[in-house]
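Trainee: I am new to reading protein models and would like to go slowly. Please pick one part of this one and take me through it closely.

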Amino acid sequence: MSHDDPLSASTLRDVSDVDPASDPRDEPAAPAVPGQVPAVPAGQPHAPVPSVGHRDVIDDAIENPVFVTEKLCVSYGSSPAVLDVSLSVPEKQITAFIGPSGCGKSTIIRCFNRMNDLIPAARVEGTVRYHGVDLYGGDIDSVQVRKRIGMVFQKPNPFPKSIYDNIAFGPKVLGMKGSMDQIVEQALRRASLWDDVKDRLKDNAFGMSGGQQQRLCIARALATNPDVLLMDEPCSALDPISTGRIEDLMHELKETVSIVIVTHNMQQAARVSDRTAFFIVDMGSSEEARIGRLVEYGPTDRIFTNPHDIRTEEYVSGKFG
Amino acid sequence: MTTATSRPVNEVLGVPPAAHRLRDTSFVLLLATLTSVALIVLAVLLIDTAIDGVPQLSLSFLTSFPSAFPAKAGIESAITGTLWLMGVVTFVIVPLGVASALYLEEFADGTRWWNRMIEVNIQNLAAVPSIVYGILGLAYIVRGPLSLGRTVLAGGLTLALVVLPVVIITGREALRAVPPSIKEGALALGATRWQAIWRQILPASIPGIATGVILSISRAIGETAPLILVGAATFVAFNPTGLDSPFTALPLQIFSWISQPNDEFRMLAAAAIIVLLVILVILNAVAIRLRNRYQQRW
């Protein structure tokens, strides 16, 4: 497999993870999702490979996955956007989704916290399991899902309020107990933003630079102690220095949260991620007939140095995309 | 290697066709002329009113009740009547307008025929002449089901109906001006739809909503026709004492004085027009200031 530290660290954790009852170990303050723990099948963490459509897509087992998708298809109206995506997202690692625009990587990441619910025409088929729970099951409340799974968007979207209120909003709507000042400070520290803003917490967040705004959005997502952080091209609107700071931040954060990042930028995927999924867009006869597919998924170093699929190789070597 | 001598502009860029410049200039002149026609008409009206009205303005004019004698007549009851109407209108249009705008913008499924029908109807109602609302008010508010009589409440409710469509439309625009990313951000943090709307979208749109409300009130203040129809009195020698009190209002007082044969009353009407204009300018200034100061640039 891989020889880098995060992977071996996670392997160690996996050993201590044999008991699935120890599930919410890292988030003492996080609200429990009703029905979550009992719904985790005991055998799940040991299942070597989830059933997948493309056998060559996934070349190694992921133990104790955060997300497992099976034959996930998303369509907008009558036209399918992404077809047949089956993959497992490991815990406490960074998983990158790369691919040319229109390949559906953002669509897939938005299935992980049910953001696609906001688009009335979007239809999701197949399953997305989060710690074994089917996120699109009939009894799942999407609000409960989003409490556990934070998200950072392409364009920084701070609320038009003070820095403090931006962070405090999530904990307030979740009814988190404890000193709000402490929660805010901790979240800002985790996003390594505290020293930049500690003297102007009451200032409007719109006065910050773009990179600071994006880190504020990360801090805002962290304030609710999520289990997973989804990042949808978080650096595409930022300059290289801000991008570097956010990448450093991701490395620190993966100690405590699992991260899924969608990125346009192959180098970014290579720098930050432990695993990479490469998507492609099948050009149809018209604009609407474009369909995204998962081509290859595996450890990042293998995807970039020894891809199995010729399309992956051409993409990572810069021949198209 | 640099050349010290610069070549003539026309040699480098070519000679501009004379017709282009002529067309540009004449177009600007045409626009300026048309604009000045509108401005001149307005200026003449204002100056004419000011010449007649300014000499009549005095503290006693503002604090006297109407009288059969021009020298004793004033507009206190008209001002207080207008203030009462403004109060009723505000009280009605803010909750109704904001709630309707929120429903249509955030909850209504635009693909359903009844929601589209509501939308089209509101657009239409905004353009219905106010006298039609006066007839409605007379039939259903003054008499008919509500039977409130010729009271402040009846007049205020009728004026509220006149401006409600505009409040709803401007309210929807203010809500729409909040980018969807704000709602997404709130929902992604685990907020419910209600929390996202109540704590993020609505606060962010308040300056826009308030601007619409103020402009609507200033329109309601100037309305005369519906008040005539709902039967507001034109000669009221006392201030309204409550919602069930008879009343008059500034535009009604002006209308009543202008229709008097006596020239001195027309001077008083001009003075009342100035007072009304000053109130409107103040309201509009507040609205503009609110918009410029608090409106979020996304």
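**A sheet in chain A**

Mentor: Let's start with D84(A), which lies in strand 2 (residues 79-89) of chain A. Strands (E, at least two residues) and helices (H or I, at least four) are DSSP runs, numbered from the N terminus. Before going on, please note that this is a predicted model: local features need pLDDT of at least 70, side-chain atom pairs count only at pLDDT 80 or more, and totals for chains, interfaces and linings use all residues. As for the labels, residues are numbered from 1 along each chain as its sequence is written, while chains are lettered from A and ligands numbered from 1 in the order in which they are written.

Back to D84(A): this residue is not a glycine, yet its phi is positive, at about 60°. D84(A) also counts as buried, because it has 20 C-beta neighbours inside 10 Å. "Buried" here stands for 20 or more other C-beta atoms within 10 Å of a residue's own, "exposed" for 12 or fewer, and "partly exposed" for anything in between, with C-beta atoms placed from the backbone.

Now let's step back to the whole chain. Chain A has 12 helices and 10 strands. Of its 321 residues, 46% are buried. What share of the contacts in chain A between residues at least 6 apart in sequence join residues at least 24 apart? The share is 71%. A contact is counted when two C-beta atoms, placed from the backbone, lie within 7 Å.

Next comes the sheet itself. In chain A, 10 strands make up an open sheet in the order 5-4-1-2-10-9-3-8-7-6, with mixed pairing. Strand 5 (133-134) and strand 6 (149-152) of chain A stand at the edges; each has a single partner strand, so one side of each is left without a neighbour in the sheet. Two strands are said to pair if DSSP finds at least two bridges between them. In general, strands of a sheet pair through backbone hydrogen bonds, either parallel or antiparallel.

Let's follow strand 3 (residues 94-98) of chain A. Why is this strand largely enclosed by the rest of the structure? Because 5 of its 5 residues are buried. I94(A), A96(A) and I98(A) point one way from strand 3 of chain A, whereas T95(A) and F97(A) point the other way, and all are buried.

Which strands pair with strand 3 of chain A? One partner is strand 8 (residues 258-262) of chain A, in the parallel sense over 4 bridges. In that strand 8, I261(A) stands opposite A96(A). Strand 9 (residues 275-282) of chain A is also joined to strand 3 by 4 bridges, and these two run parallel. Here the bridge partner of I98(A) is F278(A) in strand 9 of chain A.

Moving along the sheet, strand 9 of chain A is joined to strand 10 (residues 291-299) of chain A by 8 bridges, and this pair runs antiparallel. F279(A) stands opposite L294(A), a residue of strand 10 of chain A.

Now for the other end of the strand order. Helix 8 (residues 210-222) of chain A lies across strand 6 and strand 7 of chain A, and runs at about 170° to strand 6. Such angles run from 0 to 180 degrees between N-to-C directions, and the axes are lines fitted to C-alpha atoms, for helices over the stretch in contact.

E233(A) counts as buried because 20 C-beta neighbours lie inside 10 Å.

Our last stop is helix 9 (residues 240-253) of chain A, which holds R245(A). Buried or partly exposed: which is R245(A)? With 19 other C-beta atoms within 10 Å, R245(A) is partly exposed. R245(A) and D196(A) are 49 residues apart in sequence and 13 Å apart in space, taken C-alpha to C-alpha.
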